[in-house]
Amino acid sequence: MFAKALVKTPCTYMIHGLTTANLGQPDYEKALQQHDEYIQALQACGLEVTILEAEENYPDSTFVEDTALLTPQCAIITNPGAESRRGETAAIKNALTDFYSHIESIEPPGTVEAGDILMVGSHFFIGISKRTNPAGAAQMISFLEKYRMTGSCVTLEKVLHLKTGVSYLENNNLLACGKFIDKDEFKNFNILQVEADESYAANCLWVNGTVLVPAGFPKTNKMIEDAGYPTIEVDVSEFQKLDGGLSCLSLRF
Ligand code: CIR
């Protein structure tokens, strides 16, 4: 269960954030409104949400999930693989000192973005991607082991982050699309298959028994409801234009 979340208001330069999507430029006012609705959904799941101020120097800084891995025992600040995002970690580290007494940091040449990290109890699957390298994953695993948790690597193709293609919904249920459906590393999970035309919805967010689902993906929403979860649909279309999913917009702990 989570008690808190950290989010960060999108800055006006978010419209120039990194992207591979061909969906056009985000509308800033709409993004702000969607971000508010996202916060309300987290609050509806019982979380106390801390909202950090926008930081104009970092267009992608609203995607806070990439900057830290939060565990019950410690926070691990990442070193984002995208150079334009490296400086985002300072404000996050500063904010986390209010909540954590144990804070570790990934150091170069290691790079990690925590969108590549899937938490399953005390085990953490780490995607090796363009943003997370083997050196970063090795540092991450040694920090996890220091605090009596475990980690293992998963190789990725064609997706930005591991959690672009999979989400853990607890109770052994793994939402997955495309190549992730048959991945050996995930063969012991009960796989809920997201259809190719709804692949963006493979990034959902379990929060205390409820699942936040991006609006506009009715088959995935129904599949999750049929699996026994209440869902809340949240429109994040302006963040999708920057390759961002629901999970990227918060850190839960
Ligand atoms: C980026 O490319 O870094 C941002 N535009 C999107 C980051 C999305 N984060 C995530 O999937 N965890």
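The shell around the ligand is made up of 5 nonpolar, 3 polar and 6 charged residues. The model is predicted. In total, 14 residues surround the ligand. The closest are Leu 18, Asp 60, Asp 66, Leu 242 and Cys 248. The space that the ligand takes is the largest pocket.

Asp 60, one of the closest residues, places an N or O atom of its side chain 2.8 Å from a nitrogen atom of the ligand. In the side chain of Arg 131, an N or O atom is 2.9 Å from a ligand oxygen. For His 161, a polar side-chain atom lies 2.9 Å from an oxygen atom of the ligand. On its own, the ligand has 350 Å² of accessible area, and the protein covers 98% of this.

A further position of interest is Gly 245. This residue is found in a loop. The loop runs between helix 6 (237-240) and strand 15 (251-252). The relative accessible area of Gly 245 is 4%. Gly 245 is therefore buried, as the cut-off for this class is under 20%. Gly 245 was also compared in position with Ala 90. The two residues are 155 residues apart in sequence. In space, the C-alpha atoms of Gly 245 and Ala 90 are 22 Å apart.

Note on methods. Residues are numbered from 1 along each chain as its sequence is written. This is a predicted model: local features need pLDDT of at least 70, side-chain atom pairs count only at pLDDT 80 or more; totals for chains, interfaces and linings use all residues. Side-chain values use heavy atoms; hydrogens and water are left out. A residue is near a molecule or strand if one of its heavy atoms lies within 4 Å of it. A polar contact is a pair of N or O atoms within 3.5 Å; within protein, one must be able to donate a hydrogen and the other to accept it, and residues adjacent in sequence count only if both atoms are side-chain atoms. Accessible areas come from the Shrake-Rupley method with a 1.4 Å probe; for residues, only the protein chains shown count as cover. On a 1 Å grid over the protein atoms alone, a cavity is a set of points where a 1.4 Å probe fits but cannot get out, and a pocket is an open set with protein on both sides within 12 Å along at least five of seven lines; lining residues have an atom within 4 Å of a point. A molecule sits in a cavity or pocket if more than half of its atoms lie within 2 Å of its grid points. Ala, Val, Leu, Ile, Met, Phe, Trp, Tyr, Cys and Pro count as nonpolar, Asp, Glu, Lys and Arg as charged, and the others, Gly among them, as polar. Helices (H or I, at least four residues) and strands (E, at least two) are DSSP runs, numbered from the N terminus. Buried means under 20% relative accessible area, exposed over 50%, partly exposed in between (1.4 Å probe, protein chains only).
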